[in-house]
Amino acid sequence: MHFLRVLSTQPTCARERCALAALVLAGSKNDNPHNNTNKQYHWNTLPDQQKIGIRNYIQSATQSVAATPQSLAANKAFAKKLNETLVLIVKREWPARWPTFMQDLVESCKRSSSECENNVRILKLLSEEVFENYAGNMTSARAQTLQETFAKELGSVFSMFLDILTTPQELELLRATLETLSSFLTWLPAAYITMDTKLITVLGTRYLAEPVFRNVVIRCLVEIAAIDGLGEAQEASLRAAMRTLLACVVQTLQAFFPVNSDLSQLFRRAQYENDQNFVRDLALFFSTFFRHHIARVECAEMAPACKLSHQYLLLL
């Protein structure tokens, strides 16, 4: 039977249609001996017309579910499944048979904050699949192709992240963007961070100061602090970026976490688990920073920030 007819008529609801598409995309990994759908309709055996039809259906369903904050909140589990199914398609079709995927995703972010939030979560999932969890899911050659394509099209995505973080936005969109940025920073080319310190400044001041974002932000800053070994040509920009980073973090910390804080009280109270995690990650930030950049901040200009940083390290 024609697969698109199965997709559009047999299942009785959108969730079932999504599940059927995901089953086909899973291919031979499905080990249910009583269900032969994956054998009959393996993705790579489908004609291009049917692949495009499935792709368009999943993309449309994803956009529909995320169209409003109310719809996205009411359909979290379904949205997650749609996102996972869409990423499965992207891993197989992008860039050769879906060259406009990234452009389409970035453009659709302009329609609503909820769709933008969901798209950012799709980017996080795709980043994890391509850069972290690709072993066993695709060949090394395919993974390399996706990684190189991601890097080539990163400019528009990074600009979108900066636009989100530097303009007033909904809380959930900001949270999703910071979580996705944390994932991206494990592989993001260093030049995006060091050549323009706007991201460092906004993370180290505006978002580090907010309790709701503090933990994910300090994880981002740990990744930034680990940037090193860029070569002589980029040394000046790296030095300037790291000085900006340390100055921003220390200045912001003093407002909500004085250097004379009593940590023993904090660690004895279980309800402050988030604060405890923040303290641990803050210690990791300072130790990572000074392991890589102590020589870059040894100057009269940075002396006050360096002194306070070492006091924090002693405290932690």
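Histidine 293 counts as buried because its relative accessibility is 0%, where buried means under 20% relative accessible area, exposed means over 50% and partly exposed lies in between (1.4 Å probe, protein chains only). This residue belongs to helix 17; helices (H or I, at least four residues) and strands (E, at least two) are DSSP runs, numbered from the N terminus. The model described here is predicted, so local features need pLDDT of at least 70 and side-chain atom pairs count only at pLDDT 80 or more, while totals for chains, interfaces and linings use all residues. Residues are numbered from 1 along each chain as its sequence is written, and side-chain values use heavy atoms, with hydrogens and water left out.

## The chain as a whole

The chain contains 18 helices and zero strands. Of its 316 residues, 47% are buried. Contact means heavy atoms within 4.5 Å. Among contacts between residues at least 6 apart in sequence, 71% join residues at least 24 apart.

Leaving aside neighbours within four places in sequence, histidine 293 is in contact with Ala225, Ile227, Leu238 and Met242.

Serine 114 is placed in helix 8. With a relative accessible area of 2%, serine 114 is buried. Not counting residues up to four places away in sequence, serine 114 touches Ala66, Ala67, Thr68, Pro69 and Leu72. The C-alpha atoms of serine 114 and glutamate 172 are separated by 8.4 Å, although these residues are 58 residues apart along the chain.

Helix 8 (residues 113-131) is itself mostly covered, with 15 of its 19 residues buried. The expected span of a helix is 1.5 Å times one less than its number of residues. For the 19 residues of helix 8 this gives 27 Å, which agrees with the 27 Å between its end C-alpha atoms.

Serine 182 is located in helix 11 (residues 171-184). It counts as buried because its relative accessibility is 14%.

## How helices pack

Two packed helices are described by the angle between their axes and the distance between the axes. Axes are lines fitted to C-alpha atoms, for helices over the stretch in contact, and angles run from 0 to 180 degrees between N-to-C directions.

| Helix pair | Angle | Axis distance |
|---|---|---|
| Helix 10 (residues 154-166) and helix 11 | about 140 degrees | 10 Å apart |
| Helix 14 (residues 214-225) and helix 15 (residues 235-256) | roughly 155 degrees | within 11 Å |
| Helix 17 (residues 273-293) and helix 18 (residues 303-315) | about 130 degrees | 10 Å apart |

Helix 17 is therefore oblique to helix 18. Angles under 35 degrees count as roughly parallel, over 145 as roughly antiparallel, 65 to 115 as roughly perpendicular and the rest as oblique. Helix 17 and helix 18 make a left-handed crossing; a crossing is left-handed if the near helix is turned anticlockwise from the far one by less than a right angle, and right-handed if clockwise. Ala283, Phe286, Ser287 and Phe290 of helix 17 make the contact with Cys306, Ser309, His310, Tyr312 and Leu313 of helix 18. These residues divide into six nonpolar, three polar and no charged. Here Ala, Val, Leu, Ile, Met, Phe, Trp, Tyr, Cys and Pro count as nonpolar, Asp, Glu, Lys and Arg as charged, and the others, Gly among them, as polar.

Helix 14 and helix 15 cross at roughly 155 degrees, which makes helix 14 roughly antiparallel to helix 15. Their crossing is left-handed. Arg214, Leu221, Ile224 and Ala225 in helix 14 meet Met242, Leu245, Val249 and Phe256 in helix 15. By class, this contact has seven nonpolar residues, no polar residues and one charged residue.

Helix 10 and helix 11 are oblique to each other, and helix 10 passes helix 11 in a left-handed crossing. From helix 10, Leu154, Val157, Phe161, Ile164 and Leu165 meet Leu173, Leu174, Thr177, Leu178, Thr180, Leu181 and Phe184 in helix 11. The contact has ten nonpolar, two polar and no charged residues.

## A cis peptide bond

Most peptide bonds are trans. Tryptophan 94 and proline 95, however, are joined by a cis peptide bond, with omega at about 5 degrees. Proline 95 lies in the loop between helix 6 (76-93) and helix 7 (101-108).
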